[in-house]
Amino acid sequence: MAQTPRKTRPRPAKPRIVVTRRLPPQVEARMAELFDAHFNATDRAMTRDQIADAMADCDVLVPTITDQIDAALIDGAGERLQLIASFGSGIDHVDLSAARRRGIIVTNTPGVLTEDTADMTMALILSVPRRLAEGEKLVRAGEWHGWSPSGMLGHRIGGKRLGIIGMGRIGRAVARRARAFGLSIAYHNRHRLPFEVEQELEAEWHGDLDAMLSACDIVSIHCPLNADSRALIDARRIALMRHDAYLINTSRAEITDEGALIAALAEGRIAGAGLDVYAHEPAVDARLLALSNVTLLPHMGSATFEGRDATGARVIANIRTWVDGHRPPNQVLEGWV
């Protein structure tokens, strides 16, 4: 049954907030000073029932990107829940339509993890063609028998063409780093960048994603997950990539067809991949684990002390602004992507 928006309620001076995962100690300490804060002491992901219980009796929920806050949870939330202040920039885990129907404000933390994620992406762009992860495993396994002219050959990245899917903050930050390593930049975006930005990044726009995929040596994904981007890189598009091309994904696993990617990697139809995200996290498909031409990271693209602190500060700012009766600076509107 459709829910009707609730009447505007006074915003408590010290709202009860529930945080679904452990945050940096200094962030939790500041939250405890400002709010009636309740934390997840175990740092295990809360179950659906636990999240539902929290939403039944709090003013503010602070979930993370791995918590699926769907329509059923939102429709069952208590009357006092007025704000979902998500810890992270992604927002595909919250049903924005359901939140709007209930009159619940949703915020995120954009921008604070841009440089960290771009650094990790650039590390993968360097690592995969040069087979750094393979080499490290070889040394640790005691199977390296010394230098040889034909040993551990990879591809240089200077002079290669990088195709960026999604030229938002992170995509542009990756482009700046890649130019310094001698890569030329192509990009596909829903909207073309202003001429001045293209000149600064020395980036060439491709309105046709298929054409860009077939022309690039490395493809890096940086678009948000939404209805248009889900399975954007499917079996057909993977088949357009060159056999010596590499795919990098530090965005969302669901943007690719993971099964089709695994098949292409196993059959040598593309040269390799660098992945920081997976379709069924924290589980990783055993077929990926068996492949030597893939560098696998544990969703650590934004994992820096500085980034986590900045994210926590942004969550606190959103809550405090809401408490003061103003629109939070990072309120997310339905259809934002």
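UniProt places the feature "domain: D-isomer specific 2-hydroxyacid dehydrogenase catalytic" at residues 18-332, in an unreviewed entry. UniProt positions follow the numbering used here, with feature names shortened, and annotations may be inferred rather than shown by experiment. This is a predicted model, in which local features need pLDDT of at least 70 and side-chain atom pairs count only at pLDDT 80 or more, while totals for chains, interfaces and linings use all residues. Residues are numbered from 1 along each chain as its sequence is written, and side-chain values use heavy atoms, with hydrogens and water left out.

**Annotated spans and domains**

- Helices (H or I, at least four residues) and strands (E, at least two) are DSSP runs, numbered from the N terminus.
- A further UniProt feature, "domain: D-isomer specific 2-hydroxyacid dehydrogenase NAD-binding", is listed in an unreviewed entry at residues 122-301. In residues 122-301, the end C-alpha atoms lie 10 Å apart, and the span is 35% helix and 16% strand.
- The domain assignment gives domain 1 as 16-108 + 304-324, and domain 2 as 114-296. These bounds come from an automatic or database domain assignment.
- Between the C-alpha centres of domain 1 and domain 2 there are 32 Å.

**Overall build**

- Across the protein there are 13 helices and 12 strands.
- Along its principal axes, the C-alpha trace spans about 70 × 50 × 35 Å.
- Of the 337 residues, 47% are buried. Here buried means under 20% relative accessible area, exposed means over 50%, and partly exposed is in between (1.4 Å probe, protein chains only).

**The cavity**

- There is 1 cavity of 30 Å³ or more. On a 1 Å grid over the protein atoms alone, a cavity is a set of points where a 1.4 Å probe fits but cannot get out, and lining residues have an atom within 4 Å of a point.
- The largest cavity holds about 40 Å³ of space. Grid points are joined across faces, edges and corners, and the volume is the space filled by probe spheres set on the points.
- Its lining is made of N249, A253, T256, E258, L261, L275 and V277.
- By class, the lining of the largest cavity has 4 nonpolar, 2 polar and 1 charged residues. Ala, Val, Leu, Ile, Met, Phe, Trp, Tyr, Cys and Pro count as nonpolar, Asp, Glu, Lys and Arg as charged, and the others, Gly among them, as polar.

**Backbone details to look at**

- E281 and P282 are joined by a cis peptide bond, with omega about 5 degrees. P282 sits in the loop between β11 (272-275) and α12 (286-289).
- R131 has a positive phi, near 60 degrees, in a residue other than glycine. The loop that holds R131 runs between α5 (114-130) and α6 (132-140), and R131 is partly exposed, at 27% relative accessible area.
- H299 is another non-glycine residue with a positive phi, near 45 degrees. You will find H299 in the loop between β12 (294-296) and α13 (305-323), where it counts as partly exposed at 26% relative accessibility.

**Residue pairs across the chain**

- G325 lies in the segment after α13 and is partly exposed, with 48% relative accessibility. Although G325 and R11 are 314 residues apart along the chain, 7.1 Å separates their C-alpha atoms.
- R242 is in the loop between α10 (235-240) and β10 (246-249), and its relative accessible area of 30% makes it partly exposed. From R242 to F195, 47 residues apart along the chain, the C-alpha separation is 29 Å.
- D36 belongs to strand β2 (residues 36-38) and counts as partly exposed at 33% relative accessibility. The C-alpha atoms of D36 and G103, 67 residues apart along the chain, are 22 Å from each other.

How values were computed
On a 1 Å grid over the protein atoms alone, a cavity is a set of points where a 1.4 Å probe fits but cannot get out, and a pocket is an open set with protein on both sides within 12 Å along at least five of seven lines; lining residues have an atom within 4 Å of a point.
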